[in-house]
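Please keep the sequence and the model in view while reading.

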Amino acid sequence: MLMEVKNQIYAIYLSIKYAFQRELLNKFTFLSNIIFMIINNACFIIQWVILYSIKDEVGGYSFKQVLLLWGVASFTFGISRFFFKEAFNLTDTINNGKLDNYLVQPKSVLISSITSSIEVSAIGDMLYGIVMIIVFGFTLKNVLLFLLCGICGALIIVSISIIFSSLSFWFGKTEIISETVNSLMINFSVYPEGIFTGIIRVMFYTILPLGITTYLPVRIISDFKFIYLLYLIIGTIIFVLLAFFVFYRGLRKYSSTNLMNARV
Amino acid sequence: MAVITVEKLSKNFKVKIKEKGFKGSLKSLIKPKYNIVKAVKNISFSIEKGEMIAFIGPNGAGKSTSIKMMTGILFPDKGKIDILGLDPTKERKKLAYSIGCVFGQKEQLWTHLTPYDNFKFFGAIYDIPESIVEKKIEELRELFELDEFINNPVRNLSLGQRIRCEIVASLIHEPKILFLDEPTIGLDPVVKEKIRTLIKRMNKEYKTTVVLTSHDVSDIEKLCKRVIIVNKGQIVLDDTMENLKYHYLNKKIIDAKMKEKINLEDVDGITILKDKDYNLKLEVDLKKKSISDAINLLNTDKIVDINISNVPLEEIISEIYKDGDK
Amino acid sequence: MKKYLYIFKSEIMSNLQYAFDIFVGFIGYAVHIFIFLNLWEYIYSDPNELINGYSMSQMIWYVIVTEILWSALNGRKFNRRISEDVRTGNISYNINKPYNYVEYMLSSHLGITSFRFLLVTILGMVLGYIFLGSFPEISLLGIICVLISCLLATLISIFLIIGLGLFAFYIEDATPFYWLYSKMILLLGTIFPVEFFPTIIQPIIKYSPIFAVSIAPAKLFVDFSITTFLETLVIQLLYLLVCATIVHLFYKKGVKKLNVNGG
C-alpha cells in the first residue's frame, strides 16, 4: 500500500516534470504567459481602489483583506491549474476517448489523466498570490496557513471540476456545465463574501464551495480560529472523496471513442 | 494453457440520434432519442499462450470494442472475461502489469521527449527499477532496430518509427500478452512489412501472446496462425489461417487496362468479372490456375496497366455468410 | 452588398442551432450582473443616494448595457479566428476570392454578434427589471438612438479586433494585443462610468475608443438626451471612419508582405 502510494507520487512527479519541460521549449511564450497573468491580476486593484474611495469597507472587508482575498483566490486557482490542468478539460478527455492510454497503465486513471499537462500562466497566479500574502503580512504563521489553505482549496476546486466533468460519462456533451461551474467558482471568489446574502451564501458552502476555498482561508489567515481550519480540512476530504467516487462510478459507462452523434 | 478466455461477451452503446435542422436540435435537447448499437453480441473464444491471433473485420465490426473490453478500458454489459486469471473489470491495475497495449490511432508517447526518455518514463509507470529498465531498453533497441533515432525527439520521427517506439514502450514491462489495435494503420506497404517482421521476431523471442486487430487482410496473412473474423458484433469465423487461405483467400483479382480490345472467355479457374472497352477484371482461382496463366491469357504486349489484388474483406465475409446458409 | 448580406444571414442561421449552448453560456453574463447588483446594493447604503451623479439603478443599468455589448461581441474567439487565419496562411485563400477579407469577416462576425446581442439583451433587460423593478426613463426615440449607438459601437469594436488580429502578419503570437485591449475595455469602460475615475484621466478615457465602443451607448441608455446622442453619434461615426480606413490599409499592407514572403 505504502509502496503503491510512493510509486504513484513518483509517476505524478515525472509526468509534471515532463509537461513542464514541454512548456519550456518556447521560453518567450513561457515567460510572457506568466507576466501577463500577473499584470492581469494586478489590474483589478484599480477597481478596488475606486470602490474603497467611495466606502471604507466593502462586504465587511478592509482594503487589505480584499488584497488577501485576491491573494488566496489567485494562489489556489494557480495551484489547481498548474498541477491539475487536465481536470479542467476532463469532459473533452472523456468524450474523445482519451482515457484509453491511462486505463491500460497500472496507475490511478484519474490522477494520471489530470496531471498530464500543466498551465504555464498559472505560475503567474501563484506568484501574484505570494506577493499578496507578503503585502498582507509576512509572518511565518501567515505563510504556512496560506500554503495549507492554497493546497486544500486547490484540491476542492479540482474535485468540483472532476465531479461536474464526470457527468459526461452519462450525458455526453456536457462541457457547458463544467465550464460554467468552473467560471462561477472564479467569478464569485474575487468579491467579498459579505456583499452576498441569502441562498447564494448557502451555495458557497455546498455545490459551489468557494466559501470553503476562498472565504474560509481569508478568515483563517486574518482571524485565526482552529475550528475554521478543521472545517477546511474536513471539507477538502469530503470533496476529494466525492470526486473519486463520482469519477469511478462514471468510468463504468466510459465508451472510449465509440460515442458518436449519428445524424439521421 | 489458455491465457484469455472470453465467454458470452456483449456490449451495447447508446447513440444519440439528432434530427436535421434547428427544430431537430431543439427536439433532441428536450427529448433525446437514442439508438442502441449492439457493438459486440454474445461472443466467446479462448486464446492459448504464445499464440498470435488476429481479429479482422470491416470498420465498426466490433473488433476494437472487444479488445478494449479485454484490456479493461470498457466495461462489458454481459459476459465473462478471464485474462491470465484476472477479471479486467475488477483487477484493472493488476492486469495492467502483465499486458501491453498499442493503439495505432492513439499515441501514448510524449512527443517532445526522445524515445529513450519515454521508455524510462514507462519504466517508472510500471515501477521497474532504473537499472533493469536500462537493460531492457538496450535489448529492445536491438530487436526493433531503434539505433538511428532513439535519441531524437519523438515529434521528429516518421509514423513508422513512432509505431515501433510505441510497441517498444508497451514491452518495457515484459507483458505476457500484447494487444495491438490497428498497428499498421496509415503506413505505407514497405513500412507495414517492416513492422510485421519486427512483431514476428518479438513473438519468437519472448513467446509473448499477441492479439491484434486490423482491417488489412495482408497483416493477418503474414503474421498470424489463427484468425477470428468479426462482423456486426459477431464472430463469423474462428479458424486457422491455413483453412482460411484455402477456402477464401485463394482468389486474386486482376485489373488490366489494354491497348486494344481483346476477346476472352471464361476458362476453368479464371472468371471474367468485367469486360468494358479496354478494361478487364478477372478473378483467378489459385487452386486451379496461377497468376501467370492469367497474365499469359492476356496478351502481355498489349497491357497498358495491371493491378493484382486480394479479394476485399467484405466479399470474403459475405462469402462466409453464404457458406453458412448452405 | 448582397453577398455580404448572405454571409450575415448564413451566420445567423448556423448560430440558431447553437442557441441552447449560447443561452447556457449566458449564465456567465447573469452572474456578472448579479455580482454587480450585490456589490452596488452594498455600497449604496440608501438607494436614493447619488454617487458621482449616478443613482444605484443607473449604476446597475450602466453595467447591464456595457456587459451586453461585451458579451455579445465574444471578441476573444473572433480575434483568435483572425490571427489563426493569418498565421496558418488561410488568409491567402481568401485573397483570390471575389470579396474583401475584412468585409467578409465584418459581415460574418456581425451576424454572430447580432444574434447574441438579441439574446443577451432580452436576458439583460429581464434581469434588470427583476432586480431593480423598473426601466430607466427613456422614450421610444431614445431606445432607437441607443440601438444605433450600440450598432456603431459593435462595428467599431469588430474593426478594432480585426486590426489587432492582423498584427499576426508581423509577430507570431498576436493575442497579447487583444488581451491588453480587452483589459482596458473591462477596467475603464465596463465596470464604472467615466465619472468614477480621477478627474485627470477622465478626458483621456472620453476621447479614447473605449468611449465609442462601450461607455457611450450605456451612458445614453441610463441618462438620455438628444444632445448627448448627437455628440456621441459624431464621435462614433468619426471613429468608425478612422478605424475602417486604418484596418483596410493595414490589411493591404499585410497582404503585400505575405506575397513577398511567398505566402
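Helices (H or I, at least four residues) and strands (E, at least two) are DSSP runs, numbered from the N terminus. This is a predicted model, in which local features need pLDDT of at least 70 and side-chain atom pairs count only at pLDDT 80 or more, while totals for chains, interfaces and linings use all residues. Residues are numbered from 1 along each chain as its sequence is written, chains are lettered from A and ligands numbered from 1 in the order in which they are written, and side-chain values use heavy atoms, with hydrogens and water left out.

In chain A, I238(A) is located in helix α14 (residues 226-251). I238(A) also belongs to a nonpolar surface patch together with F224(A), F226(A), I227(A), L230(A), Y231(A) and I234(A), with about 670 Å² of accessible area together. Such patches are made of residues with over 30% relative accessible area and no salt bridge, like charges being joined within 9 Å and nonpolar side chains (Val, Leu, Ile, Met, Phe, Trp, Tyr) within 5 Å. Accessible areas come from the Shrake-Rupley method with a 1.4 Å probe, and for residues only the protein chains shown count as cover.

Elsewhere in chain A, the axes of helix α4 (residues 63-83) and helix α13 (residues 210-222) come within 9 Å and cross at roughly 125 degrees. Axes are lines fitted to C-alpha atoms, for helices over the stretch in contact, and angles run from 0 to 180 degrees between N-to-C directions. α4(A) is therefore oblique to α13(A); angles under 35 degrees count as roughly parallel, over 145 as roughly antiparallel, 65 to 115 as roughly perpendicular and the rest as oblique. Residues in contact (heavy atoms within 4.5 Å) include L68(A) and V72(A) of α4(A) and Y215(A) and V218(A) of α13(A).

In chain B, the axes of α5(B) and helix α7 (residues 189-206) come within 10 Å and cross at roughly 135 degrees, so α5(B) is oblique to α7(B). Among the residues making this contact are K136(B) and E139(B) of α5(B) and R201(B) and E205(B) of α7(B).

In chain C, helix α3 (residues 27-43) and helix α7 (residues 101-132) pack at about 30 degrees, with their axes 10 Å apart; α3(C) and α7(C) are therefore roughly parallel. Their contact includes I33(C) and F34(C) of α3(C) and L123(C) and L127(C) of α7(C).

Over all chains, the structure holds 26 salt bridges, each a side-chain nitrogen of Lys or Arg within 4 Å of a carboxyl oxygen of Asp or Glu. One of them pairs D127(B) with K107(A), the closest N and O atoms being 2.8 Å apart. Because D127(B) lies in the loop between α4 (115-125) and α5 (130-143) of chain B and K107(A) in the loop between α6 (100-103) and α7 (109-114) of chain A, the pair joins two chains.
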